[in-house]
Every structure is written in C-alpha cells, then in structure tokens.
Amino acid sequence: MKSVLNGAFWFFSFVCCQLAVAQSTPYLIKDIDPSSEGPTLSAASDRASIIVDEILYFASDDGVHGGELWRSDGTTAGTYMVKDIQPGPNGSYAGSFIGINGEIFFTADNGVTRDELWRSDGTESGTTLFFEFNPGIGDGNPRGYQIAGSRVFLTASDGVNGKALWAFDIPPSSEFTVPLRKLWILLLTSFVLGLSFYYLRRRRTAGKT
C-alpha cells in the first residue's frame with residue numbers, strides 16, 4: 001500500500017511490517033507488530049487506505065487484535081488503532097474506504113452483523129455501524145463506493161434482492177434508496193461523469209443513474 005500525504009510518500013514494508021515515510025530519506029513511523037515477520041496491512045482489500053483531513057486511515061494487524069482500523073498523522077504517538085471492531089484475534093478487516101465530509105465510511109465485520117457498512121470520525125466512540133444491509137448473520141458486502149453529486153452509490157446484498165445498486169444522500173443519515181436496481185450479476189465497472197453514476201455489468205447491459 002502507498003499513499004501521499006503532505007508531500008511525503010507513505011508505504012508499508014511487507015518484510016518488516018512497518019509503516020514508513022519516504023521523503024529525502026525513508027524513516028520508520030511505527031513498527032505495528034514487532035513480533036511478526038509477515039505483512040500487517042490488509043493490502044489485498046479494495047481501497048486499503050485513505051487520507052482524510054491529513055490523517056491516514058488503514059487496516060492493520062498488531063498481532064493481538066487481528067486486522068482492525070488504524071490511523072496515523074505521521075508520528076509514532078499519532079499512529080494507533082481507532083477501534084477494536086471485532087474483539088479478539090480475528091479482526092474486522094476494515095476496507096473499501098471512502099471519505100465523506102471529514103468522516104470515513106468503510107466495510108467491516110464485527111462478528112455479529114458480519115460484513116456491513118461502518119462510519120468513523122477517527123475516534124473510538126465515533127466509529128459505529130452505519131447500515132446493516134443484510135440483517136442477521138448474512139453479509140451485506142457493500143463495495144464499489146462512488147460519489148456522484150449529492151449521493152453515494154454502492155453495491156450490496158440484502159439477502160432478498162441479490163447484489164443490487166444502492167445509494168444514500170450526503171450528508172449521510174442512514175436513509176437509503178433501497179435498492180435502486182437489482183444487478184443480480186457481477187458489476188464489472190463503474191464511474192462518475194458529471195453528476196451521473198454509470199455502471200457496466202455482464203450480458204452487455206449498462207445503466208445510468
């Protein structure tokens with residue numbers, strides 16, 4: 001994973017499990033899991049990190065809590081876990097981050113509601129479940145966030161309609177247009193042009209919202 005913040009190039013060393021910054025000379029910010037020899041970042045996830053208001057948010061495993069939501073301002077003291085969303089060693093493996101009005105929205109699994117949509121203002125108390133698409137033990141699996149105009153579009157499953165296109169307004173209020181359209185099959189790609197959200201799916205069908 002790599003990001004740019006305040007003109008510096010941030011990266012994770014998968015050899016030493018460390019968060020580092022490359023300016024003229026790279027330097028270590030924090031060794032998140034000193035005991036580990038493998039990667040601590042959930043780098044395989046979609047949108048594995050995001051910078052909002054000069055804070056880097058990412059998912060990492062400190063060897064105790066599993067993969068959880070972390071933040072860093074570029075200092076050792078300012079690099080810490082935001083919240084242990086799924087207590088225990090398994091972790092919530094937060095990912096698919098998007099920034100909206102100074103907050104981050106992301107997918108995480110707390111072990112009860114499974115893979116659902118969360119929000120965070122960067123504090124433990126301000127990190128909460130935003131919307132449960134598939135109530136119970138099923139996964140909502142929200143993915144593919146795109147902002148078009150004053151709405152956020154994404155795909156998720158409610159356990160009834162299959163994979164569908166959903167949206168919520170900005171500023172977020174936990175009220176969704178449910179669902180905008182049933183997709184049923186894999187969403188291949190999506191993009192924003194002007195104030196419109198476009199998507200392409202299999203069977204050579206396309207849509208515009």
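1. Start with the hairpin of β13 and β14: 2 residues lie between the strands, and Gly 149 in the turn has a positive phi of about 65°. Strands here are DSSP runs of E, at least two residues, numbered from the N terminus, and two of them pair if DSSP finds at least two bridges between them. β13 (residues 143-148) and β14 run antiparallel, joined by 4 bridges, and Ile 147 stands opposite Val 152 in β14.

2. A quick word on the model: it is predicted, so local features need pLDDT of at least 70 and side-chain atom pairs pLDDT 80 or more, while totals for chains, interfaces and linings use all residues. Residues are numbered from 1 along each chain as its sequence is written, and side-chain values use heavy atoms, leaving out hydrogens and water.

3. β14 also has β15 (residues 163-169) as an antiparallel partner, through 7 bridges. Thr 155 faces Leu 165 in β15 as its opposite number. This hairpin has 5 residues between its strands, with Gly 159 at a positive phi near 85°.

4. Across the chain's 209 residues, 48% are buried.

5. Elsewhere, there's an open antiparallel sheet of 4 strands, ordered β5-β6-β7-β8. β5 (49-52) and β8 (80-83) each have a single partner strand, so one side of each lacks a neighbour in the sheet. Inside it, 6 bridges connect β6 (residues 55-61) with β7 (residues 67-72), and Asp 61 sits opposite Gly 67.

6. Overall, the chain has 19 strands and 0 helices.

Methods:
Buried means under 20% relative accessible area, exposed over 50%, partly exposed in between (1.4 Å probe, protein chains only).
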